[in-house]
Every structure is written in C-alpha cells, then in structure tokens.
Amino acid sequence: GRGRNKTPAVLVDAAAGKAPLGLIAAELVLSRLPRPWRVVVLERDPGRVAACQRAAGRLEAGAGIEVEVRRGDVGEAALWPEAPELVVALHACGLASDRIIERAIGARARRLLLVPCCYGAAPGAAGPAAEIPGQLLAVRLAEAQGVPRQALVGRRFAQSLIDSQRTLRLEAAGYQTEVVELVAPTVTPFNLLWRSRRVLEPARMREASERLARLCG
C-alpha cells in the first residue's frame, strides 16, 4: 500500500473553524502524495468541532487520510503533536495568531502558514487595549511619538508594530519568514500570509533577537 511502512507526516489546522483548509488540503493534495499524511484539527467551539468530525468521517472514507479533531484552545501545549511537518491557520482571530506562533515554535513545527485576523483596539480608541502582544507597546509608542488619535491612523500604526513583533519572534526562534499578500486587500483587509520555515540559522536568529529587543525596549 501507499507508504504503509512510513511514519505519516502531520498537518495541523489550528483555530480551524470547520477545518476547510485542512480537509481540502487532505483531499486534494495530501491524498496524492507518496508519503502518508494525517491531519490534526484544533478547534475550541463545540459546534464547529462536531462539524469537523462529521466532515472528517466522510473524508477518511473517501481519501484515506486520517483526521483527528482535538477540542481546546490553540494555546494549550498538550493539544499539539510534536514536530508537525506543517501548521496552517487561516484568519486566526486576534490573540489566537500569537498563540499559534508560540505553540508552533514550541512544537518544533517544520513549516508555518499563518493568516492573522483582527488586531484589537487602535491606540487612542475607547476601551481597554487588547491582549495581543504589541498592542500595549503600540499604545505607548503612539503617545510618545505623537501619532494622531484618529482611529484609522492609529490602527495602522498598531498593526504594523504587531506584525513586526510576530515576524521577529518567528525569525528569532529560527524560522526564515516571508510576509506576502495572499489575496488583494479588496477581498479582505486581513490578507497577509506569514510563510515560515524552520532553518535555525544562528546569524539570522541573533539579528532578529536584537531587533526584537530594540523594538520592545
């Protein structure tokens, strides 16, 4: 049989919703590869978990790809398999993107494809700042640098800082990272894709750590 004696590579679909990304990849791509694969779906909403399980049952019958659905928050280390080949996360909302970055690093994922969504309140906006790493830094720097309080200007300033922190955290952990537009901004304003590969280059890691320290200092 196909790769019967090989250890399956693992794809993690994190903050998966109804797991369209992981399940479509399993049916259209993974089932056609010579190496066997299995898919681990991480989702906390019980209704979406049930939908994932139903879809996974249909997929396993047709494509022969094992799918395991795990219910819980993506920040829970115990949910994550060790050293997955690929982690994907499409429109992981707010803090979920940062938790996925943290856990993908901790699990020693070989590759990460991440499209974040939602950034919390803009500097100067009413209400508490979000928990997203970089949000409080953005508020502090915006005030120190005299960034206008208009919401759209402040929000873009905050998003740039948050995105910079995310990129440098990955690079400092040994992930060569590209940030590209997945689709046009007219499709969605949350259109940036973080494409990261674990290479563990010491010089790159050191430079990113220094830049991150300067950014946060």
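Reader: Which strands does helix α5 (residues 151–172) lie across, and at about what angle does this helix run to β6?

Author: The model before us is a predicted one. In it, helix α5 lies across β5, β6 and β7 (192–198), and its direction makes about 150° with β6.

Reader: What is the order of the strands in the sheet?

Author: The general idea comes first: strands of a sheet pair through backbone hydrogen bonds, either parallel or antiparallel. Here, 7 strands form an open sheet in the order β3-β2-β1-β4-β5-β7-β6, and the pairing is mixed. Strands β3 (66–71) and β6 (175–181) stand at the edges; each has a single partner strand, so one side of each is without a neighbour in the sheet. From one strand to the next, the twist averages 15°.

Reader: How do the axes of α3 and α5 cross?

Author: A crossing angle is read against a cut-off: angles under 35 degrees count as roughly parallel. The axes of α3 and α5 come within 10 Å and cross at roughly 5°, and the two helices are therefore roughly parallel to each other. Their contact is made by Ser97, Asp98, Ile101, Glu102 and Ile105 of α3 with Arg166, Arg169 and Leu170 of α5. By class, these residues divide into 3 nonpolar, 1 polar and 4 charged.

Reader: With which residue does Asp98 form a salt bridge?

Author: The partner of Asp98 is Arg169, and their closest N and O atoms are 3.0 Å apart. This pair links distant parts of the chain, with Asp98 in helix α3 and Arg169 in helix α5, 71 residues apart. In the model as a whole, the count comes to 14 salt bridges.

Reader: At roughly what angle do the axes of α4 and α5 cross?

Author: The axes of helix α4 (residues 135–145) and α5 come within 9 Å and cross at roughly 130°, which means that α4 is oblique to α5. The crossing is right-handed. Gln135, Leu137, Ala138, Leu141 and Ala142 in α4 meet Phe157, Ala158, Leu161, Ile162 and Gln165 in α5. This contact has 8 nonpolar, 2 polar and no charged residues.

Reader: Is the crossing of α5 and α6 left-handed or right-handed?

Author: The crossing of α5 and α6 is left-handed. The axes of α5 and helix α6 (residues 202–216) come within 8 Å and cross at roughly 150°. Among the residues that make the contact are Leu161, Gln165, Leu168 and Arg169 of α5, and Arg204, Met205, Leu212 and Cys216 of α6. The contact of α5 with α6 divides into 8 nonpolar, 3 polar and 4 charged residues.

Key
Residues numbered from 1 in each chain as written. Predicted model: local features only at pLDDT ≥ 70, side-chain atom pairs only at ≥ 80, totals over all residues. Heavy atoms only, no water. Pairing = 2+ DSSP bridges. Helix = DSSP H or I, 4+ residues; strand = E, 2+ residues; numbered from the N terminus. Axes fitted to C-alpha atoms, helices over the stretch in contact; angles between N-to-C directions. Contact = heavy atoms within 4.5 Å. Parallel < 35°, antiparallel > 145°, perpendicular 65-115°, else oblique. Left-handed = near helix turned anticlockwise from the far one by under 90°. Nonpolar A, V, L, I, M, F, W, Y, C, P; charged D, E, K, R; others polar. Salt bridge = Lys/Arg side-chain N within 4 Å of Asp/Glu carboxyl O.
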